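Start with the cavities, then turn to the ligand.

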Amino acid sequence: MAKIKNIISRQILNSKGEPTIETTVILEDGAYGTASVPTGASKGSFEAKELRDNNSNVYQGLGVLNAISNIQTEVLPAITGMEAEHQQDIDRKMIELDGTADKSRLGANAILSVSMAVSKAAAKSFSLPLFLHLKQFIRSSEANIKIPTPLFNEINGGMHSQSGSMDFQEFLVIPASSMSFSQGLEMSTKIYSSLKKLLLNNNLSTLIADEGGFSPKLGSNQDALVLLKQAVEAISLRLGFDVFFGMDIAANKIFADGKYHIKDKSGDLSSDNLIDFYETLNNDYHFLYLEDGLNENDWEGWSKLCTRLSEQTLIVGDDLTVTNPQRLQAAISKKAITGIIVKPNQIGTVIESLAVIQMAKQAGIKVTVSHRSGETNDDFIADFAVAASADYCKFGAPQRGERIAKYNRLLQIEQQIKSL
Ligand code: PGA
Ligand code: ZN
């Protein structure tokens with residue numbers, strides 16, 4: 001048992017050179033935890049709000065000095081003296097202190113940085129690995145601790161890439177569940193190298209995008225799948241056996257004026273037209289995973305998408321559900337999803353994120369724990385995903401330090417859990 005003694009926060013940079021918050025929570029026994037928060041680019045409009053200064057003199061308005069000041073002037077006095085292991089009480093205290101539904105007063109970024117740092121400090125104080133400490137805050141029917149199946153980003157489009165590349169945001173490869181995490185990770189790097197060779201042979205760019213995937217300028221989204229399949233086959237891997245494909249469409253960004261627009265098809269597309277297209281692609285590629293296939297407000301479309309494709313592929317909400325219990329409940333009632341992405345910074349505290357996971361699991365919804373496109377080297381999310389017994393984890397390409405930090409942490413956990 002150790003009480004919170006002090007909190008120190010600072011403005012640091014994320015992987016895109018934008019300011020973010022890093023917070024250190026110090027306990028009376030000398031243990032401390034440091035955590036930093038990520039930032040999304042293709043955000044859902046119902047996410048909790050990160051507070052930015054909007055002062056054009058500081059990092060073009062992106063500074064987080066006001067959020068940091070809120071930690072010092074409001075959060076510190078409110079939670080000093082609380083037991084660090086009482087994560088529920090601390091998170092609740094911060095939610096009440098903020099007083100808004102979307103954490104826009106103190107900033108979800110401010111609150112989450114403290115919430116994560118508290119859990120790290122408490123784990124340190126108990127000399128426990130973070131995933132074991134966090135595990136106590138979620139009820140799980142699974143007795144064994146396991147590493148979630150990774151979804152590796154190989155090709156980036158949409159808002160995460162250079163302009164002129166694909167509209168779909170992420171082309172993912174998923175190792176067969178029979179593989180260990182380390183085997184899957186190695187396979188993802190082989191596919192990545194094979195893809196790089198293929199791009200070079202085709203005089204296509206091998207520059208990488210925000211989450212580490214390649215972002216060549218291709219004629220269509222389908223071209224990306226063709227390339228990825230070639231890359232897999234060139235190293236004698238069997239699609240649908242050793243490796244599976246998934247996509248994050250991030251469809252908010254292909255939606256305007258009530259219609260969808262993609263490079264593969266000319267003119268305006270209705271949700272039905274777009275679902276037809278997914279169905280055609282699915283006949284060729286047998287997706288295991290389809291995230292944000294439709295716009296965040298297209299509930300009717302989502303229910304149809306689920307009716308038509310959920311037998312064959314996981315239908316996953318991200319911007320649709322934004323790690324929010326009310327949005328998740330709506331998606332369950334409308335039979336709109338079979339999977340959900342969970343990103344702690346979409347809701348703003350560790351405990352609320354775990355509660356959403358528990359709710360999803362109880363409804364038979366598969367859970368993917370995910371990074372954001374703007375990340376730091378903090379590997380909290382790796383422990384969090386293991387603690388939550390997530391089905392999948394999505395931490396980007398097997399490339400770029402801030403993505404590798406999470407995969408390397410999973411390698412450590414994989415080794416640690418063998419001796420538990
Ligand atoms: P973001 O995108 O982190 O840029 O919001 C990630 C995703 O859509 O999964
Ligand atoms: Zn997404």
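**Cavities and ligand**

The largest cavity holds about 120 Å³ of space. Among the 15 residues lining that cavity, P38, M116, E375, F380 and I381 are the closest to its centre. In total, the structure has two cavities of 30 Å³ or more. A cavity is a set of points, on a 1 Å grid over the protein atoms alone, where a 1.4 Å probe fits but cannot get out; its lining residues have an atom within 4 Å of a point. Volume is the space filled by probe spheres set on the points, which are joined across faces, edges and corners.

This is a predicted model: local features need pLDDT of at least 70, side-chain atom pairs count only at pLDDT 80 or more, and totals for chains, interfaces and linings use all residues. Residues are numbered from 1 along each chain as its sequence is written, chains are lettered from A and ligands numbered from 1 in written order, and side-chain values use heavy atoms, without hydrogens and water.

Oxygen atoms of ligand 1 lie 2.6 Å from a side-chain N or O atom of H160 and 2.9 Å from one of K394.

Key
Polar contact = N/O pair within 3.5 Å; in protein donor to acceptor, adjacent residues only side chain to side chain. 1 Å grid on protein atoms, 1.4 Å probe; cavity = no way out; pocket = protein on both sides within 12 Å on 5 of 7 lines; lining within 4 Å.
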